[in-house]
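User: I am new to this structure and would like a close look at one part of it, followed by a connected walk through its surroundings.

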Amino acid sequence: MQPIQALKHLKTITAQYFSSAHMAKRNNKAIVYLNVFTPVELFYALDMVPVYPENHAAIIGARKMSQEVSPAAENLGYSMDLCSYPRCDIGSFVMRLSPTWGLPKPDLLVGSNGQCGTITKWFEVLSRMYEVPMVLIDVPHSGNGERDPAAERYVRSQLEDLVGVAEGISGNSLDQDKFKETIRISQEASRLWTRMLELGTADPAPMTVFDQFVAMFPIVSQRGTQEAVDFYSELVNELEERVANKVGALDNERYRLFWDNLPIWPELRPLSSFLGERGAGLVASIYTWAWSRLGVGEDDPFADWTEQYLYTFNFHMSKRIDMYVELAKRYNLHGFLYHSNRSCKYISQDIPEVRAAVTERTGIPGVILEADHNDPRLYTVASLERQIDSFLDLLAQKR
Amino acid sequence: MNGEHAWKPFRETVDAPMERARAWKEQTGGKVIGHLLPDVPEEIIHAAGALPTAVEGAGTQGTQAQAHIPGYTCSHAMGAIEQGMRHDLDILDGMIIPYVCDTTRNLFHIWNHCFPNKSNEFLRLPKRLDYPGAAEYLKAEFSRLADSLCNITGRPRDDEDLAASIALYDRSRAALRNAYRKQREQPAVWTSERVQTLFKSAAKAPREDHLRWMEALPWDEQSQDAMQRVPIYVRGKVWDPPGILDLFDKIGLLVVEDEMTTGYRGVATDAGSDGDPIDVLVRRHLSLTPYTGYHQQPDKLVSGFLERVQGSGAQGVIFLNPKFCEAAGFDTPDFQKALENAGIPSLVLESSSRGVSLEQIRVRVEAFREMIAEDLP
């Protein structure tokens, strides 16, 4: 396996990001905590510093610190049955133990329940903890994605009202030119990210999903900055070169697999090696695809955000099934690994139905791996490896 | 009707709710619409000419649901699927699943996939209760639901029908509030278990019948209560595990107020008749005690809860949290902390789709009662 050179910049990018976030107050910049489906471009345009507690939690998981910090949250009464992201985040705050020197104190919290309901409750806890205001963008998902004009008005009005709140907290007025420029930069980052994912259709795939997970940080936290564009430009160039030269992520790609759900952050490296040694390449994932259509237009970004939050990111069951069937074809998939993630009930509870329907429509088998995105106490690696091995045996027999 | 006989129709309804629905269907030829409880406006179902029937999954154990939804799901959702898979809900013509959390969102799709032959509706309730646009959005959503239900039943939508249904349900709520008051005044006769039977059956029987049965209850019956009861406040979703209220009765806890969808929260507020009937239902919904998945300014969520507890006169609080419920799980620690600061003891009990031991709960609740009773004058 040849490491991707562009990924080496991530360490510096991450360090610089957190360093500047910690310096924000000294530079008279307000800090806003966000989650995924929120209009980050607006906050960059207002010269605020966006910070993502989910990113912080994922880094804690990837650095294998969950078991150290999560019990501190559990001691406060947050059960192990709850999402491990907030448990790690809150536990890290309590213990003052963090791979990113903690998170700077926010001035505002903006969360959207279009992603999941846990965000609402997690941010409510943080709001009380830091004694700062919170704005929820309430996204009432339509059942099967049918148009809902009342919901569109409701979501749009919340987004428009957010401008005044953010201006008040930041002390800055929204400069339309800067706003448009931020949106253009964000669009470009989103375009490059999507291009990166599409390159995974090549045979052999130039990059595995494990590396996509690693490469997510700028598209999550720095959409709307030149740093994100520069990073993904270099990454895409390198991957295009690999595709042209038929250089794969794996030396011997035997199986092309799909990863459903969030990663198991503490096991990225072991699972990557385990699968790589068996010629099994993860070439596509719903989780990384979720970030592919985040760009909005300059003409009416509020309409585009509304459209995205209500419809594009409404990953209801029928849509997921259709999407997986389509991706199976595009990526020439041999199998699906479904991570039944105890922490993320939103994206996990319908997996039994999704798996059955996808296999019925494509003939492609899938295996359900019960684990957790951040808490290693809730699964065993040996058991996951045994399940994967049996699944790969099945794929071999099918051939 | 006198004595125990008067309680019979309520018990029969609770013991065999779908039999009651079947009898109604045979008699009227109407449609039976199930709903998964939290904040589904039964008046809209009733006005469309259908029978609203609450489906409570909690307390249902089985093995079939896990093939469709993972075990780390709350007992309420898991139990609903289980009941459906074992054909307990075949009488339903449709099902309304309210979007109050991620699990109900997923449950709608799984339900739709498992039971495609029923008319299934996803009621998109707004979560941001203190945002002005929530009322406008909810009005459109309730109107959409009304249209959808009238399509199912074939009855034309009529505001007068809805106003009449609202008036009926307000009368029923008033009667149930009365029963709740009697529980506080005459707990030996109006036990928590009996009163809960009234509440539970109200959500399953034709409401006109239920109201008539309630009028025949022995409202004037008096009985000396030998037990010193400790007043408590209960926060949760549904009474789970089954038998919990009987346990409270037996060990001398008196529920003076609760936030259960099948409890006082569901009857505390009337809709009234002031204005357009959909507007009236919207106003009622937005004035209810916030369900745990809803959002208000975070400090207000805690202070509002504390005020309700203090206003109830309760000496302690019990949280009945469904295992795996993210909303209840993240609310509880700060709520408990606020209670502790106010000198009010609290206890968290968890229910699970795999069942819990009532005996284990008894030991914990008895200890909790003794601790509070020591402080009572």
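Is A:T120 buried or exposed, and at what relative accessibility?

Analyst: This is a predicted model, and what follows should be read with that in mind. A:T120 counts as buried because its relative accessibility is 3%, where the cut-off for that word is under 20%. The residue belongs to helix α6 of chain A, which covers residues 117-130. Leaving aside neighbours within four places in sequence, A:T120 is in contact with A:N113, A:M134 and A:L136, and also with B:H295, a residue of chain B.

In α1 of chain B, residues 8-15, the residues B:P9, B:F10 and B:T13 are buried. They lie on the same side of α1(B), because the arc they cover around the axis is only 105°. In an α-helix, with its 3.6 residues a turn, residues three or four places apart point the same way. The cover over the buried residues of α1(B) includes α2 (17-28), α8 (192-202) and α9 (207-215) of chain B.

On the side of α1(B), B:F10, B:R11, B:T13 and B:V14 take part, and they meet B:E193, B:R194, B:T197, B:L198, B:K200 and B:S201 of α8(B). Sorted by class, this contact has 3 nonpolar, 3 polar and 4 charged residues.

Another pair of helices in chain B is α7 (residues 159-185) and α11 (residues 277-287), which pack at an angle of about 35° with their axes 9 Å apart. The contact is made by B:D159, B:L162, B:A163, B:I166 and B:R173 from α7(B), together with B:P277, B:I278, B:V280, B:L281 and B:R284 from α11(B). By class, its residues divide into 7 nonpolar, no polar and 3 charged.

Finally, some details of the backbone deserve a look. Most residues other than glycine have a negative phi, and most peptide bonds are trans. In chain A, a cis peptide bond with omega of about 5° joins A:D203 and A:P204, and A:P204 is in the loop between α8 (176-198) and α9 (209-214) of that chain. In chain B, a cis bond joins B:D240 and B:P241, again with omega of about 5°, and B:P241 lies in the loop between β5 (230-236) and α10 (244-251).

A positive phi is found at A:K64, about 60°, although this residue is not a glycine; it sits in the loop between α3 (53-62) and α4 (66-75) of chain A. A:N261, which is not a glycine either, has a positive phi of about 90° and is placed in the loop between β5 (255-260) and α12 (268-277) of chain A.

Definitions and conventions: Residues numbered from 1 in each chain as written. Chains lettered and ligands numbered in written order. Predicted model: local features only at pLDDT ≥ 70, side-chain atom pairs only at ≥ 80, totals over all residues. Heavy atoms only, no water. Helix = DSSP H or I, 4+ residues; strand = E, 2+ residues; numbered from the N terminus. Buried < 20%, exposed > 50% of the residue type's maximum accessible area, 1.4 Å probe, protein only. Contact = heavy atoms within 4.5 Å. Arc of directions from axis to C-beta. Nonpolar A, V, L, I, M, F, W, Y, C, P; charged D, E, K, R; others polar. Axes fitted to C-alpha atoms, helices over the stretch in contact; angles between N-to-C directions.
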